[in-house]
Amino acid sequence: MMNDFSKILDYKGIIFDLDGTLIDSMKYHIKAWQEVAARYGVNLSYEYLHSHGGVPSIKIAQEIVHNYHLEETAYCLAGQKTEKYVSYIPMIEIYPMARELMDFAKLHGIRMIIATGTLKSNVEKIMARTDLGCYIRDVVSSEDVMNHKPAPDTFCVAAERIGVSCCDSIVFEDAPLGIQAAKNGNFDCCVVKDGTFDLNKIIHATTY
């Protein structure tokens with residue numbers, strides 16, 4: 001049975017977070033961070049890392065170096081994490097429900113864009129590995145904005161890129177910081193959990 005996506009017809013544009021929203025990659029980000037941190041005797045919890053979804057790796061690395069008084073530089077730590085994460089990219093898959101939604105949006109001419117805290121180089125590798133490029137060509141990555149989630153800049157730039165106002169677009173997001181970013185930008189938001197979402201529970205900007 002196909003899902004009913006008719007409520008999406010109220011919008012002209014969809015802004016997707018990437019990790020944990022379109023693809024099952026959050027577990028690999030977390031695994032990569034935990035494995036790299038373990039080299040330095042640091043145990044990073046799932047909860048801590050998941051709460052930092054949408055935060056660029058360099059900022060997470062800076063926090064880890066500071067909190068655990070590591071002698072390693074944040075840039076080196078972030079580089080190790082990226083290298084480890086890239087090795088997992090071949091395992092990444094698009095969530096089935098996300099694919100159905102993208103099929104529906106494409107059929108009805110609704111503009112789509114990815115707005116993520118992930119490095120552009122990693123997004124390009126993921127786009128090449130999956131068939132996301134068949135649905136979405138525009139991407140706003142961590143290098144495209146100065147202020148990252150929970151600031152709304154990533155979503156605001158994305159909306160501008162596809163020529164849609166915040167009032168005419170909806171954000172799909174799984175991470176608390178991203179949901180807050182949608183709120184801060186006055187975007188309607190649909191919360192994603194484990195690749196699924198309920199369009200009857202859209203958080204409307206007017207209710208924030």
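Modeller: Let's start with a rule: rings of Phe, Tyr and Trp (its six-membered ring) pair if their centres lie within 6.5 Å; planes under 30 degrees apart count as stacked, over 60 as edge-to-face and the rest as tilted. By that rule, Phe5, Phe16, Phe104, Phe172 and Phe197 form one aromatic cluster here. Keep in mind that this is a predicted model, where local features need pLDDT of at least 70 and side-chain atom pairs count only at pLDDT 80 or more, while totals for chains, interfaces and linings use all residues. Residues are numbered from 1 along each chain as its sequence is written, and side-chain values use heavy atoms, with hydrogens and water left out.

Colleague: How many aromatic pairs does the structure hold?

Modeller: Six. Take phenylalanine 16 and phenylalanine 172: their ring centres are 5.5 Å apart and the planes are at 40°, so we call the pair tilted.

Colleague: Where do those two sit in the chain?

Modeller: Helices (H or I, at least four residues) and strands (E, at least two) are DSSP runs, numbered from the N terminus. Phenylalanine 16 is in strand S1 (residues 13-16) and phenylalanine 172 in strand S4 (residues 169-173), so this pair links distant parts of the chain, 156 residues apart.

Colleague: Is phenylalanine 172 buried or exposed?

Modeller: Buried means under 20% relative accessible area, exposed over 50%, partly exposed in between (1.4 Å probe, protein chains only). Phenylalanine 172 has 1%, so it's buried, and phenylalanine 16 counts as buried too, at 2%.

Colleague: What about the pair of phenylalanine 155 and phenylalanine 187?

Modeller: Those ring centres are 6.2 Å apart with planes at 70°, so that pair is edge-to-face. Phenylalanine 155 and phenylalanine 187 are both buried.

Colleague: Now helices. How do I read two that pack together?

Modeller: You describe them by the angle between their axes and the distance between the axes. Axes are lines fitted to C-alpha atoms, for helices over the stretch in contact, and angles run from 0 to 180 degrees between N-to-C directions. Here the axes of helix H4 (residues 74-86) and helix H6 (residues 120-129) come within 11 Å and cross at roughly 0°. That makes H4 roughly parallel to H6 (angles under 35 degrees; over 145 is roughly antiparallel, 65 to 115 roughly perpendicular and the rest oblique).

Colleague: Which residues make the contact?

Modeller: With contact meaning heavy atoms within 4.5 Å, H4 gives Thr82, Tyr85 and Val86, and H6 gives Asn122, Lys125 and Ile126. Valine 86 is partly exposed, at 26%.
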